[in-house]
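Subject: Structure handover

Hello,

Here is the structure for you to look at. My notes on what was found follow below it.

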There are 4 protein chains.
Amino acid sequence: MMYFQQKHAQKFMDKYKDRARLLISCPDQPGIVAAVTTFLYEQGANIVESSQYSTDPEGGTFFLRIEFDAPNISERKEEMERKFATIAQRFSMKWRLSLHTHIKKVAIFVSKEEHCLLELLWEWQAGELLADFALVISNHEQMRETVESFGIPYYYIPVTKETKQEAEEKQIQLLKEHDIDVIVLARYMQILSSRFVATFPMQIINIHHSFLPAFIGARPYEQAYRRGVKLIGATSHYVTDDLDEGPIIEQDVERVDHKHHVEDLKRIGRMIEKTVLVRALKWHLEDRVIVHENKTIVFK
Amino acid sequence: MMYFQQKHAQKFMDKYKDRARLLISCPDQPGIVAAVTTFLYEQGANIVESSQYSTDPEGGTFFLRIEFDAPNISERKEEMERKFATIAQRFSMKWRLSLHTHIKKVAIFVSKEEHCLLELLWEWQAGELLADFALVISNHEQMRETVESFGIPYYYIPVTKETKQEAEEKQIQLLKEHDIDVIVLARYMQILSSRFVATFPMQIINIHHSFLPAFIGARPYEQAYRRGVKLIGATSHYVTDDLDEGPIIEQDVERVDHKHHVEDLKRIGRMIEKTVLVRALKWHLEDRVIVHENKTIVFK
Amino acid sequence: MMYFQQKHAQKFMDKYKDRARLLISCPDQPGIVAAVTTFLYEQGANIVESSQYSTDPEGGTFFLRIEFDAPNISERKEEMERKFATIAQRFSMKWRLSLHTHIKKVAIFVSKEEHCLLELLWEWQAGELLADFALVISNHEQMRETVESFGIPYYYIPVTKETKQEAEEKQIQLLKEHDIDVIVLARYMQILSSRFVATFPMQIINIHHSFLPAFIGARPYEQAYRRGVKLIGATSHYVTDDLDEGPIIEQDVERVDHKHHVEDLKRIGRMIEKTVLVRALKWHLEDRVIVHENKTIVFK
Amino acid sequence: MMYFQQKHAQKFMDKYKDRARLLISCPDQPGIVAAVTTFLYEQGANIVESSQYSTDPEGGTFFLRIEFDAPNISERKEEMERKFATIAQRFSMKWRLSLHTHIKKVAIFVSKEEHCLLELLWEWQAGELLADFALVISNHEQMRETVESFGIPYYYIPVTKETKQEAEEKQIQLLKEHDIDVIVLARYMQILSSRFVATFPMQIINIHHSFLPAFIGARPYEQAYRRGVKLIGATSHYVTDDLDEGPIIEQDVERVDHKHHVEDLKRIGRMIEKTVLVRALKWHLEDRVIVHENKTIVFK
């Protein structure tokens, strides 16, 4: 099964066959960049993009993301990892090497509102989201036709208070079967259990329809309307056990005024939600987001 | 005492000697605009700007702001008001007619942070804020020299827990003596008593250093930093008895990211605060802000 | 043939059956608003939105747009127009009364780039664009399947230097047959003849892929890249005989930097183009755009 | 003479006494970053910020900016430079090592409009611009009092067609005497001669009152008004021999509409101009701007 759009796929694979990315975090100390870049140089790699950040040069945590081109990287990956392990140990690194051509497998969860799902599908179809949309799971039937018209399997798993645990088990089973890397909650209106969340740590991306932490909880646009705010927003974040409190990946706002009724706020909000969600997912797919404590470092 | 900058004052007075503005709110019903504009036409007035808003055409509240030119309006104001009273009664209007050349008297309250105060003074000096900055009141001495260099009296009124009531009485007395129309809290770090607030209803404008209702309360930039938000903001609002809960006049935000430490957020925040406060005050000075329930209608 | 999406159509028709809008332009003088609103009041109309603008209260041109609810307006429209004619004559008005439920017929012209076409179709499908997309005309075959899947007829009319006149005649014939109100050039890469443009004055909306008047002409993103600009934009405008010089309806920009290559500028540009075009068309469909000299007044 | 504000200066000097920055450009090839960071590591330096960019990993130009802390850097600078020369030669680098505490000497040129000058002075006074404002040169007398009140010398050098060459000679002499690093044209309304420009290559920063390349030339706001644009902007760029064609450092825009007359566009424009100019100068002062061909790379 190859859901990644055929027309973009081959071109992409050819263009980036030599490209990989190295993600590192470790206690900050002098010499890290020197060691890593010297290693890459010795491996015949040419750095094409490099971003770094230290929470505090004196005793903080250091983060590094390097994109590089190295001939035949897909064949040499394991060897390179084995060699790099020595450096990693020396600096107590958490690290990961991944091929640019390894396309992440994505599951989309959706309920009744279609705008985020559609935006994801359209951006994917246009080649802007390099993902393998492996399946869509919904607690409603209504989006089946749309989803299947994109060649993506659609699983209807109804959720009630009573069946919730069972439903989640089915979901988890499907996600495991499809070997899913990341789950996108595209306006999925069910709260996931702690157990579900713990199964996919920092792998679940949600779109919250407010500028968090303003208007936490239900009906944020109604809350925003009553409070008379002059800007409304949306927030995409990783899902943790604390509802609406996970690490924020991206936020944006639009200006509103007294003329906007709740329905207008919702309409404008939908625009922001879908834009923000696509941006967050795109960065996640490209390994640009690192979670540190309850915050994200985004190497755009 | 004439604090309104001399160089801009005369030009302004000449240009707008015929201009006035009429502000109206009343239960919505057909015929209001027809009655008001027919009246103005009969009075020889030429409408130059008109804004209206209805919370709901069926049984809501209707708001109207009309700027017009009428020859010799300053002499005819009382007569016009007397005549308009009949129409006002017919539609159960709350209303106000004011001369464009009536410059509002403003008191600025400030503590130790100077950025908002300075921005107000600079914009005033540049002729962007048509106000009479009648006095500055502070619980610290340090801004005296700056303020007095603009020719504005500076009153140092220290505030402690014990002297708070007494201090507020002194403040109120000064405000009454100077016949103050509006009080601007330009980063004034004391909480005003209910009694003080009740003395100047919807006449006190505050700048809050966060995108309300996010980060209500103390140290919002520290809160924003810990939460890892991707945008920070500021909010200008009327002061009511509920701290940080008064009607919002204006808000704005700037993008931040993981590289910004608390000090950076504060620096960027200061830029937003001063911009937002000046905008809110400007609209208030031009009678463009109407409070309805706990929200504002801003006829920009 | 009814292309306006069925699910939104009926709801819309029911909700707005009493609504109409009156558009007026005339030499400015006192009494216009009084006369118009008194007339509407006498006709039992309730104003729900009103916008006005005068290029100069002394001898300029006055523009007025009023949305109102009047019972049975669709049956009374002609009678109301007859009665209003007297007032119109008195003030030398150009004017137009139209029903809110009169959905405009739109033709989309497209070449090979699909992003603008798709955005129009999606926004239309989502009920955001209240239009009757009557047909798509293209000088290429490739978008046929997509367009027809939305139930919209697709006409392939190839254009070469030799066949251009003949092609335009076919186009005009189709547009007349379908009684088209507005033509949207959604990245249609052919220059229309003076004759074609004159046949549909201020009825053709184009999207230009630059922030006009910067980078007039061909390959604007390449030009922008070479010049090293820090923002790129798009412009939607009415088509006149002067290429890229017609009245601007809407523009927007996005920030770019040195890291963006021409391909990135194009990708970001596509986002701006589709957003700007949808906004411009939406305002046109709601009769919010008035052309005066070579500029637009947009009553948002 | 020490014009850099005393209160900020000492704090700054203490905080950053160990900090330096290394700027490099050279033909791209593998191993550059490894060589540079290994060198810095061996010198006991700790990297606090690092930015890099390659126009093309295959045969393009590579740019690197590294900020690092190294104990006693001010005393070891020459030694470090001598040692680095070997690496620089190996990679054919153009490079520069500078101390973070080396405050650049700035000359401001101004004519009659004060907004940009004032913004520079205020931001400098607030400690946001780490510069030594060594002198102001003007072809008018009127800003003398303001400038001197900041403790900055003011030189009045009138310019007429006849005296232009002589005036420029005086200016150049003053700039050399004060050992000026960068010249800011803060709305200086005289065109500099090729000779003057050649004397200070990429050291002259101008603010142009339009979103270049739109509205090149005189009276851009009048041009913008006539064209009916929906956004107006400002551009800060290095001055080269081609008027308005030098490398762009920063641009920004604000939304305008039909209600804005030329005077409004100018007022809004002034806000954008001063903001954009301060941003561009700040980046230049921190060695964040690199000119390549006719474009800038800005390492924000």
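Start with one pair: Glu49(A) and Arg288(A) form a salt bridge, with 2.7 Å between their closest N and O atoms. Keep in mind that this is a predicted model.

Now the layout. Chain A splits into domain 1, residues 17–99, and domain 2, residues 104–298. Their C-alpha centres are 31 Å apart. Domain 1 of chain A brings 11 residues to the contact, and domain 2 of chain A brings eight residues.

How much area is buried between domain 1 and domain 2 of chain A? The figure is about 770 Å², and carbon and sulfur atoms give 54% of that. On the side of domain 1 of chain A, the most area is lost by Arg21(A), Phe63(A) and Arg65(A). Together they make up 50% of what that side buries.

Next, the polar side of the interface. Four salt bridges are found across the interface of the two domains of chain A. Seven residue pairs are in polar contact between domain 1 and domain 2 of chain A, with both residues at pLDDT 80 or more.

Which elements of domain 1 of chain A give two or more residues to the side touching domain 2? They are strand 1 (19–27), strand 2 (46–54), strand 3 (61–69) and strand 4 (94–99) of chain A. Strand 3 of chain A gives the most, with four residues. By class, that side of domain 1 of chain A has five charged, three polar and three nonpolar residues.

Best wishes

Terms used
Residues numbered from 1 in each chain as written. Chains lettered and ligands numbered in written order. Predicted model: local features only at pLDDT ≥ 70, side-chain atom pairs only at ≥ 80, totals over all residues. Heavy atoms only, no water. Domains from an automatic or database assignment. Contact = heavy atoms within 4.5 Å. Buried area = accessible area lost by both parts, 1.4 Å probe. Salt bridge = Lys/Arg side-chain N within 4 Å of Asp/Glu carboxyl O. Polar contact = N/O pair within 3.5 Å; in protein donor to acceptor, adjacent residues only side chain to side chain. Nonpolar A, V, L, I, M, F, W, Y, C, P; charged D, E, K, R; others polar.
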